[in-house]
Each structure stands twice: as structure tokens, then as C-alpha cells.
Amino acid sequence: MSRWFIPLNRRYDIIPSVVISHCLINLIFPKGSLLNNLERYEEAIADFTRCLELSPLPRDEEKAYYKRAEVYISLEQYDNALKDINKL
């Protein structure tokens with residue numbers, strides 16, 4: 001038996017939470033962008049905020065802060081947009 005063989009019932013134990021979080025972000029981020037394009041700004045902000053909560057990687061955080069700042073600008077909430085831009 002190969003040392004790399006993993007029984008089916010044990011495979012999910014080895015998936016790090018970082019990978020799961022990144023996969024969730026890859027689902028939520030495009031949805032937030034779509035909601036922004038549909039001018040459903042409050043829902044878009046919620047999705048980008050969720051991405052920030054899940055973010056295991058700085059690159060994901062930067063994208064979420066930038067897109068959330070865009071939404072805040074659309075809502076003319078310039079103070080919130082500036083806060084997000086300053087976090088980049």
C-alpha cells in the first residue's frame with residue numbers, strides 16, 4: 001500500500017481550514033461583484049465583509065477592501081470608502 005493512500009473516511013480530515021476559507025471566498029467574491037453591478041449595494045457590502053472575515057490570505061483581503069470601497073463610493077459613503085482604502 002502506498003504511503004500516500006488515504007482512506008475515504010479520512011480524506012476530509014486533512015483539508016486545512018485555509019483551503020476551505022479560500023474556496024468560500026472564491027464563491028462569495030464574484031457574487032458580491034455581481035450584486036454591486038446590479039446596484040444591490042447593501043448585499044454587496046455584506047458579501048465583501050464576509051470575504052474579509054474568511055480571508056486567510058492578504059491578497060484576498062486587498063481585493064475585498066478595494067471592492068467594498070467601490071460600493072461605499074457608489075453609496076456616497078466616502079468616509080467608509082476611505083477607511084477601506086487606507087487598509088490596503
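The expected span of a helix is 1.5 Å times one less than its number of residues, and helices are DSSP runs (H or I, at least four residues) numbered from the N terminus. This is a predicted model, in which local features need pLDDT of at least 70 and side-chain atom pairs count only at pLDDT 80 or more, while totals for chains, interfaces and linings use all residues. Residues are numbered from 1 along each chain as its sequence is written, and side-chain values use heavy atoms, without hydrogens and water.

Buried residues (under 20% relative accessible area, 1.4 Å probe, protein chains only) of H1 include Ile 25, Ile 28, Phe 29 and Leu 35. The buried residues of H1 pack against H2 and H3. Just after H1, Glu 39 has a positive phi of about 60°. In H2, the buried residues include Tyr 41, Ile 45, Phe 48 and Leu 52, and their cover includes H1 (17-37) and H3 (58-74).

The axes of H1 and H3, lines fitted to C-alpha atoms over the stretch in contact, come within 11 Å and cross at roughly 20°. H1 and H3 are therefore roughly parallel, a term for angles under 35 degrees. Contact (heavy atoms within 4.5 Å) involves, among others, Ile 25, Phe 29 and Asn 36 of H1 and Lys 63, Ala 64 and Val 71 of H3.

Key:
Buried means under 20% relative accessible area, exposed over 50%, partly exposed in between (1.4 Å probe, protein chains only). Helices (H or I, at least four residues) and strands (E, at least two) are DSSP runs, numbered from the N terminus. Axes are lines fitted to C-alpha atoms, for helices over the stretch in contact, and angles run from 0 to 180 degrees between N-to-C directions. Angles under 35 degrees count as roughly parallel, over 145 as roughly antiparallel, 65 to 115 as roughly perpendicular and the rest as oblique.
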